[in-house]
Amino acid sequence: MIKLGVLVSGNGSNLQAIIDAIEAGKLDAQIVTVISNKADAYGLERARDAGIRAVHIDPTIPGTDPAVPSFTYNSAIRDELLSQGAEYVVMAGYMKLLGSEVLEAYPMKVLNLHPALLPSFPGAHGIEDALEHGAKVTGITVHFADEDFDRGPIIAQRAVEVLEGDTPETLAERIHAAEHELYPLTLQWIADDRVTVEGRRVRIQDQ
């Protein structure tokens with residue numbers, strides 16, 4: 001079993017997919033904490049409903065503890081993850097850049113999900129960019145996060161066809177459906193110790 005810390009900023013549908021996979025016995029993992037930069041993120045409510053620790057860390061307010069004058073938002077995230085025993089960090093709709101404090105504490109153990117087939121259409125608007133460029137096929141990418149935004153080693157990808165008449169909303173619906181299947185599956189590969197990283201290449205044993 002692997003212990004996960006999950007970062008969310010909004011609805012948390014991918015968090016819910018992970019919770020559901022764990023409850024269904026399809027993912028051998030435990031979510032030890034869910035952290036959000038937004039106090040009203042529905043992902044925090046999803047965590048509470050499942051009996052999971054849910055924590056809001058405000059990125060705009062500095063620490064008030066005089067014993068910790070160098071408080072930063074990202075160091076607070078790191079400390080929460082470490083204190084709860086998280087072994088891997090899962091970004092699930094987390095809409096902020098993750099700082100070096102967390103990345104250095106969890107080298108090649110921070111996962112991100114991107115709504116496009118990287119290296120195509122990186123950034124915050126992958127779905128809209130695919131439509132704007134007239135792509136016929138887009139998809140999703142699960143990758144390890146590092147200091148280069150949307151450029152970490154790719155673990156898994158799944159293609160999603162772009163249909164005539166698609167809008168950002170209709171395409172997003174199919175993108176999210178694919179995400180909800182692939183993200184828990186990728187985490188199970190990690191739980192099964194099937195994932196190794198060699199430079200920029202990620203190898204999945206028995207695949």
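## Pockets and a helix pair

The largest pocket here has a volume of about 870 Å³. This is a predicted model, where local features need pLDDT of at least 70 and side-chain atom pairs count only at pLDDT 80 or more, while totals for chains, interfaces and linings use all residues. Residues are numbered from 1 along each chain as its sequence is written, and side-chain values use heavy atoms, with hydrogens and water left out.

**Largest pocket**
- Of its 38 lining residues, Gly93, Tyr94, Met95, Leu113 and Pro115 sit closest to the centre.
- A pocket is an open set of points on a 1 Å grid where a 1.4 Å probe fits, with protein on both sides within 12 Å along at least five of seven lines; lining residues have an atom within 4 Å of a point.
- Helix α6 (168-191) gives the most to this lining, with 5 residues.

**Second largest pocket**
- This one holds about 160 Å³ of space.
- Again α6 brings the largest share of the lining, 5 residues.
- Ala17, Asp20, His180 and Glu181 are among the residues lining the second largest pocket.

**Helices α1 and α2**
- α1 (residues 13-23) and α2 (residues 42-49) pack at about 20°, axes 9 Å apart.
- That makes the two roughly parallel, a label for angles under 35 degrees, taken from 0 to 180 degrees between N-to-C directions of lines fitted to C-alpha atoms over the stretch in contact.
- Ser13, Leu15, Gln16 and Ile19 of α1 meet Gly43, Arg46 and Ala47 of α2, with contact meaning heavy atoms within 4.5 Å.

Conventions:
Helix = DSSP H or I, 4+ residues; strand = E, 2+ residues; numbered from the N terminus. Parallel < 35°, antiparallel > 145°, perpendicular 65-115°, else oblique. Points joined across faces, edges and corners; volume = space filled by probe spheres on them.
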